[in-house]
Amino acid sequence: MEAGLMAKMSVTDRAVFIDPYVQVIFAGQQGETSVASATSYPVWNEEISFIEQFPPLAQRIKIQLLDDAKMGDIALATHFLDLQQISDPTRNGFNPTFGPCWVNLYGSPQNSTLGDVHQALNQGLGEGIFYRGRILLALSMDLYSSPSAIPTNTGSVAAAKVKGAQGKFGLKKKKNSKKEKTEANSATSELADESEEAGVEVPESVTVEVEEIHPLPEGYLGQKEEFLLFASLFEVTMIDPVVGTKPLTFELSIGNYGKAVGVGKSKKSQSREELRRSRENLTEETHGLLGSEDELEREEMTNPELENRSVSSAMRPQPTEYDRSFKCIQLQPPAMNLKPCLYVWSQFEDHSFRLYQANWLSKMSDRLETGLNQVEHLLRRPKSKAKERLIEVLLELVTCCKQFSAFSDKRSQSRPNSLDKCRREFIKKNLVLLARQAVRARRRITRTKTKEQLMESWKILRKLRQLAVEPQSTIPDTFLWLLNGSKRLAYVRIPSHSILFSLVEEQKGRDCGRITTLYLKSPGCSPGEIFAKLEVYLWLGHVKYSKEAVSSLPEEFMPMYEEEEETQRQLLPVEERRKIPISLSCQDCRYFQLRCHLYQGRGLLAADDDGLSDPFARVIFSTQCQVTRMLPDTLSPSWCECLLFDRVLLEGTKEQFQQDPPLIIINIYDHDKMGSPKPLGRAYAEPEFKTVEQFYEKPRLQFYDVSRGRIPAGELLAAFELIELDYSAFGE
């Protein structure tokens, strides 16, 4: 167990350490490791063995980390291993295998279970919203069968072994209850009767065994490499008005690196020499935790020349222009011309090849999904070229499969384990099958069977999405939190592979090195609720590529450096100088006019008791918001309005606006005389971009899907156009 296992509670300036142990549940059987006393970074080095018939009815293995407390054991974090991701039950496949590999744990942000409303996240009920540590484990399966066994249809009896490493000293065994022993004995007798008929040799007992094993050799997973996480805030809008006017900050973190709230420096009266000597006695796996008292000091001694800038300066929110229903932070000129930058230095084992592989498959899936959506849209029109477009999409998929297989054969993996080798062959085999399936579907396409072959293509997409899921991700996910003092208001969890840099374009993350839109949500909110909308530039990569974090920025943004840091940097050798900007200055601003032609909504949700609604719409663009009139008692409102956003100052070049126009959000509400408006759904739209040089053309009407979370909530008939205006005389 390493870095981040959060202590159960803290009292004044002393850290109360936990007594952690690991509980593994598989197919109704339960095994537990020893209890490590009073430590936040335990080392168990134990093996838990299960005996079960394969293929089992259970498809997941539950691994839960608990604290052995006197008043009842408390879950600290939970992780599930999906057997479908770590095995191949088909012919010439492979048995379940995993690791040795670090497993990142997520859960509740609270450091105390008293009053923790998100404790269910630590039990695996929902997506974790905070990094809580990681655990090193391995899984393997051995078959029990005699050479003279008669082959029958009965499933083979196998022993699944879960090996746990990492912990510390002072271990004590956790006693099993008598009830568990009785159940194990009954299961033993039943399995013995079945084994006599099947001719399979099985062990005498089916009890879950826990044995001590040798620790892994030092450096078995490779040396830790340094990574840089860089982010720049471009726009913060659509903030929930409950924040008021209090200053807000942003916190960027990956693992335990970058966390600011809830982590205090040591108040122990230990000297730095004692801390340095204690750190040298620890192995590479036993780093400090968020709950331990000397975490920050130990990190500072490890990298004294590196300083993280993980928390932005305090910024006071302002109401949006026109309609003041939302809050925003003015980062655009003329109010503010600098974009704040955040960066975090971190150290992890470099197994980037796994994430590169996942990115390549994800991009293949994205292209296939985009093409299939276009075909589905063309099928709604009479005499369209849906057949030709579907043939192009399937041919493109076959080409991508060939490119992936050819590239993977040339590149070698760094320190691959058993699952890495098996998955490599498994993915190549399945891509060949998917390519053949795509070729067969292409040959069967006719004018009358286009819709049928489209359904087959959607099945190919689902299989491709499953292949893109990487079960062994060493680098933890990135979190961006919105803070009000020490209070955490909203967050967004960003998969690290989506922002990971690579020199190969296909292996680079989808959102790496580009400005992307993120939606922050408050902990425990319902699906679809948005606390704030954020435009942010993200980059994550190895230290040897750290220059790319700045060079990948849009050309019109100039990095700004701090003079004090520049002076300190001159004292370091040339190879150790790392120039990371603290802000960005935009050199290219343009004035625009946004015209929102809202005509009609249809099929909206009913919010009143009479089965109707009183709908109105709020349109949010940049830091401005406007509202339509309210129409009573209807589910198909006809607003027929044009909302004009005049003199909107945006940053970027014409080419960028044409390739990636800014997003417009349309929120539809039900008016309530006695309370606040009820949300009916939300739609997203991209405007038609028109430059000064172009002749004006009427915008095209289009239906936009309205959804409430994951539920369809109607359609909106509208047109949006973003027109560049020559406002150069208004003093930039």
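Buried residues, meaning those under 20% relative accessible area with a 1.4 Å probe and protein chains only (exposed is over 50%, and partly exposed lies in between), make up 52% of the 732 residues in the chain. This is a predicted model, in which local features need pLDDT of at least 70 and side-chain atom pairs count only at pLDDT 80 or more, whereas totals for chains, interfaces and linings use all residues. Residues are numbered from 1 along each chain as its sequence is written, and side-chain values use heavy atoms, with hydrogens and water left out.

**Overall make-up**

- The secondary structure comprises eleven helices and 34 strands, where helices (H or I, at least four residues) and strands (E, at least two) are DSSP runs numbered from the N terminus.
- Among the contacts in the chain with a separation of 6 or more, 73% are between residues 24 or more positions apart, a contact being heavy atoms within 4.5 Å.
- The accessible surface of the chain is about 36200 Å², and 50% of that surface belongs to carbon and sulfur atoms; accessible areas come from the Shrake-Rupley method with a 1.4 Å probe, and for residues only the protein chains shown count as cover.

**Nonpolar cores**

- In the largest nonpolar core, which has 59 residues, F98, M364 and L431 touch the most other members; such a core is a set of buried Ala, Val, Leu, Ile, Met, Phe, Trp, Tyr and Cys residues joined through side-chain atoms within 4.5 Å.
- Helix α6 supplies the largest share of this core, ten residues.
- Apart from this core lies another, of 37 residues, with F227, L233, V236 and L534 among them.
- Leaving aside neighbours within four places in sequence, F98 is in contact with L81, I86, V103, L137, A138, L139, L419, P471 and Q472.

**Helix α8**

- The 18 residues of helix α8 (residues 450-467) should span 26 Å at 1.5 Å a residue, and this agrees with the end C-alpha atoms, which are 26 Å apart; the expected span is 1.5 Å times one less than the number of residues.
- The buried residues of α8 are T450, Q453, L454, S457, W458, I460, L461, L464 and L467.
- Seen down the axis of α8, these buried residues fall within an arc of 165 degrees, so they line one face of the helix, the arc being that of the directions from the helix axis to the C-beta atoms.
- The buried residues of α8 pack against α5 (352-379), α6 (386-410) and α7 (418-443), while K451, R462 and Q466 are exposed on the other side of α8.

**Local details**

- E32, found in strand β4 (residues 29-32), is buried, with a relative accessible area of 12%.
- The side chain of E32 makes polar contacts with the side chain of Q23 at 3.1 Å and with that of Q30 at 3.0 Å; a polar contact is a pair of N or O atoms within 3.5 Å, of which, within protein, one must be able to donate a hydrogen and the other to accept it, and residues adjacent in sequence count only if both atoms are side-chain atoms.
- A cis peptide bond, with omega about 5 degrees, joins G99 and P100, and P100 is placed in strand β9 (residues 98-107).
- A27, in the loop between β3 (20-26) and β4, has a positive phi near 55 degrees although this residue is other than glycine, and A27 is partly exposed, with a relative accessible area of 31%.
- D633, in the loop between β28 (624-627) and β29 (638-651), is not a glycine but has a positive phi of about 50 degrees, and D633 counts as partly exposed at 46% relative accessibility.
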